[in-house]
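This report covers a pocket, a set of ring contacts and a few local details. The model comes first.

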Amino acid sequence: MASRMSVSWRLAARTIAAPARCSTSASAPRAVLRQQSQRRLYSSEPPRSSSGGSSKIKFWPFLGVIALGTAGYVALVNRRKDMPPAVGAPTPAAGQLPAPAKSTPTFSPDDVTVIFVLGGPGAGKGTQCANLVSKHGFTHLSAGDLLRAEQERPGSQFGDLIRDYIKNGLIVPMEVTVQLLENAMTDALAKGGSSKGRFLIDGFPRKMDQAHKFEEAVCPAKLVLFYDCPEDVMEKRLLERGKTSGRSDDNAESIRKRFRTFIETSMPVVDYYEKEGKVIKVDATAAPDKVFANTEKRLTERLGTKY
């Protein structure tokens, strides 16, 4: 009897002790979680135990983020200072803030006729434009001449930028070129005392974005005169011209860069306007007087005898 009671007592003791062991086991994860919750983010120090005192948040990472953000903002402001003004901005020399974007072009195609004159470097664009000016009263605006004059103008904001682009055979940012052309057109009309005029814009647009921007901001083009000439002929002409022109880009290295730039960026412009039915293509390999005779003939076919 005593033996049976001893067994029963031991079983009861184990039964009572079991919940205590389960309770101890369940409390372990909670203790780990409490320790993990005491670990501090954004701190280089190891976590403290529950008996190690209060936790303090380190603020140096926040200060680092603020410093980096400030430096980035200053860099962005400095870059924007060096950017050319948007189309519609005043003349760079005016020192005024850029004007807001225009919803309509400055000039109406009903009053102003614009003919783009395109062709590779040395194709003879300037010579043909001079003939059209003397015989038919056009106003000739050379994008290249305007840019070269601007880079030499005392106090020009963009002189160094333009000089570097031209020297390396690259295209000057369109905002500068478009604004110079608009200024020149405005001056020409003011001198003539009329709101009507006809312009030959030589060597422009050099890229599709220039074409779109000019037509949106200044005036839609009526036609494109494209003087087609092989590279070997153009290179020979440019090297000869370089002997007396004094131009920094009339050398073999710059000439070849200009050829590559023209093929990659300007020929798509010609192709675009050709699809629009606005291109007059003229063979520019002949003597200048023969090229001009062909130019007059083609313009008469498109614009009539009173162009």
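Ala, Val, Leu, Ile, Met, Phe, Trp, Tyr, Cys and Pro count here as nonpolar; Asp, Glu, Lys and Arg as charged; the others, Gly among them, as polar. By that scheme, the lining of the largest pocket holds 19 nonpolar, 14 polar and 10 charged residues.

The model is predicted: local features need pLDDT of at least 70, side-chain atom pairs count only at pLDDT 80 or more, and totals for chains, interfaces and linings use all residues. Residues are numbered from 1 along each chain as its sequence is written, and side-chain values use heavy atoms, with hydrogens and water left out.

**Pocket**

The largest pocket has a volume of about 870 Å³. Its lining counts 43 residues, and the closest to the centre are Pro121, Lys125, Arg241, Arg247 and Arg258. A pocket is an open set of points on a 1 Å grid over the protein atoms alone, where a 1.4 Å probe fits, with protein on both sides within 12 Å along at least five of seven lines; lining residues have an atom within 4 Å of a point. Points are joined across faces, edges and corners, and the volume is the space filled by probe spheres set on them.

Several elements each supply at least two lining residues, among them β1 (112-119), α3 (125-136), α8 (231-245) and α9 (252-275). Helix α4 gives the most, with five residues. Helices (H or I, at least four residues) and strands (E, at least two) are DSSP runs, numbered from the N terminus.

**Aromatic contacts**

The structure holds five aromatic pairs. Rings of Phe, Tyr and Trp (its six-membered ring) pair if their centres lie within 6.5 Å; planes under 30 degrees apart are stacked, over 60 edge-to-face, the rest tilted. Two of the pairs are tabulated.

| Pair | Centre to centre | Angle between planes | Type |
|---|---|---|---|
| Phe116 and Phe214 | 5.5 Å | 70° | edge-to-face |
| Phe116 and Tyr273 | 6.0 Å | 65° | edge-to-face |

Phe116 lies in strand β1 and Phe214 in helix α7 (residues 208-217), so their pair ties together parts 98 residues apart in sequence. The other pair links Phe116 in strand β1 to Tyr273 in helix α9, 157 residues apart. One aromatic cluster takes in Phe116, Phe204, Phe214, Tyr272 and Tyr273.

Another ring meets a charge. Arg198 lies over the face of Phe138, 4.5 Å from the ring centre. The criterion is NZ of Lys or CZ of Arg within 6 Å of the ring centre and within 35 degrees of the ring normal.

**Local details**

Most peptide bonds are trans. A cis peptide bond joins Phe204 and Pro205, with omega about 0°. Pro205 sits in the loop between β3 (197-202) and α7. The C-alpha atoms of Phe204 and Gly144 are separated by 8.5 Å, although the two residues are 60 apart along the chain. Gly144 lies in helix α4. Its relative accessibility is 21%, so Gly144 counts as partly exposed.

Ser142 lies in strand β2. At 9% relative accessibility, Ser142 is buried. A polar atom of its side chain lies 3.1 Å from the backbone nitrogen of Asp145.

Lys243, in helix α8, is exposed at 63% relative accessible area. A polar contact of 3.2 Å joins its side chain to that of Glu240. Such a contact is a pair of N or O atoms within 3.5 Å; within protein, one must be able to donate a hydrogen and the other to accept it, and residues adjacent in sequence count only if both atoms are side-chain atoms.

Key: Buried < 20%, exposed > 50% of the residue type's maximum accessible area, 1.4 Å probe, protein only.
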